[in-house]
Amino acid sequence: MADRLTGKVAIVTGAGSGMGRAIAEAFAHEGAKVMLADFNLETVKETQTQITGAGGTAATVKADMSQEADIVNMVKQTVQEFGQLDVLVNNAGIMDNFKTVETATDDLWERVLAVNLTGPFKAAREAVKVINDQENGGVIINNASIGGLFGARGGVAYTVSKHGLVGLTKNIAATFGTFGKVRANAIAPGSVATNIGTTITDPDKMGYQAIAAAGAEGSPLGQPEDIAALAVFLASDESKFINGDIITADGGWTVR
Ligand SMILES: NC(=O)c1ccc[n+]([C@@H]2O[C@H](COP(=O)([O-])OP(=O)(O)OC[C@H]3O[C@@H](n4cnc5c(N)ncnc54)[C@H](O)[C@@H]3O)[C@@H](O)[C@H]2O)c1
């Protein structure tokens, strides 16, 4: 066990799989007490077992990021269980089969925006109320995507949701990071080996053509732990002068 996050309490959404699980495990390894949130209680319990088995501290809460009541409850449960909240990681997110502005249905658009953008906004709203009143403040980390920085790394709904998440991050940073006690930063991962690929069941031809032309097939592939290492840094006091940044972690895909 290490101690870069000792004394801190964190919420990680989407902690049942992929980057959320790796972030939660890394946080616990660094001494944080972690509230593991996911709409899949079974997988998030597996994450809890891993963490407690390794000597860490974690609790679970069922939270669907498209449901406001779940989000309010997630923050409330965290404070009840651990007495404070220092770090919110808005990580849960879904893809959109690369559907274009022509082929995205209202249902798809609304679902993707609800989970990837409105949920993080509502979670940040609840978290800020707690964090800003604490003596030492705290941190919000949004797991965006290079899809939040470029036009062809997802379909229209995913691209818009992640661009929105980048804007949410910057606005929180410019208000509560500058005039309050809540730093906010985002991570923009490229391709990372997680379960999200299994949700690409019906890729749109034109949408896929666009992401393929942007080099998706030859893009470097990161591991969830690569993103978790960055999240630990952003959650820790080592990054106390970093506020409002969107940090790309894509192995150099978008630099070329
Ligand atoms: N994997 C990549 O290549 C990649 C690249 C850039 C950004 N991202 C982003 O990283 C984040 C994590 O994705 P991942 O790749 O680890 O995916 P993943 O599918 O492995 O894990 C996502 C987790 O989020 C949970 N989840 C999904 N919808 C939810 C909801 N409505 N409420 C609560 N939990 C929900 C799932 O149950 C799952 O545990 C997402 O926001 C995704 O957009 C992924």
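A polar side-chain atom of Asp64 lies 3.0 Å from a nitrogen atom of the ligand, a polar contact in the sense of a pair of N or O atoms within 3.5 Å (within protein, one must be able to donate a hydrogen and the other to accept it, and residues adjacent in sequence count only if both atoms are side-chain atoms). This is a predicted model, in which local features need pLDDT of at least 70 and side-chain atom pairs pLDDT 80 or more, while totals for chains, interfaces and linings use all residues. Residues are numbered from 1 along each chain as its sequence is written, and side-chain values use heavy atoms, leaving out hydrogens and water.

Let's stay with the ligand for a moment. On the side of its oxygen atoms, Lys162 brings a polar side-chain atom to 2.9 Å from one oxygen, and Asn195 places a backbone N or O atom 3.1 Å from an oxygen. In total, 28 residues surround the ligand, the closest being Ser17, Asp38, Asn91, Tyr158 and Thr194; a residue counts as near if one of its heavy atoms lies within 4 Å.

Now for the sheet. Seven strands form an open sheet with parallel pairing, in the order β3-β2-β1-β4-β5-β6-β9. Strands (E, at least two residues) and helices (H or I, at least four) are DSSP runs, numbered from the N terminus, and two strands pair if DSSP finds at least two bridges between them. Because β3 (57-62) and β9 (246-249) each have a single partner strand, one side of each edge strand is left without a neighbour in the sheet. From one strand to the next, the twist averages 20 degrees. Strands β1 (residues 9-13) and β2 (residues 33-38) are joined in parallel over five bridges, with Thr13 opposite Ala37 in β2.

Helices lie against this sheet. Helix α1 (residues 18-29) lies across β1, β2, β4, β5 and β6, at about 170 degrees to β1. Angles run from 0 to 180 degrees between N-to-C directions, with axes fitted to C-alpha atoms, for helices over the stretch in contact; contact means heavy atoms within 4.5 Å.

Which helix crosses α3 (residues 68-82) at roughly 30 degrees? It is α4 (residues 106-131), and the two axes come within 9 Å. Among the residues that meet there are Ile71 and Val75 in α3 and Ala123 and Ala127 in α4.

Finally, Asp204 caps the N-terminal end of helix α6 (residues 205-213), with a side-chain oxygen 3.0 Å from the backbone nitrogen of Met206.
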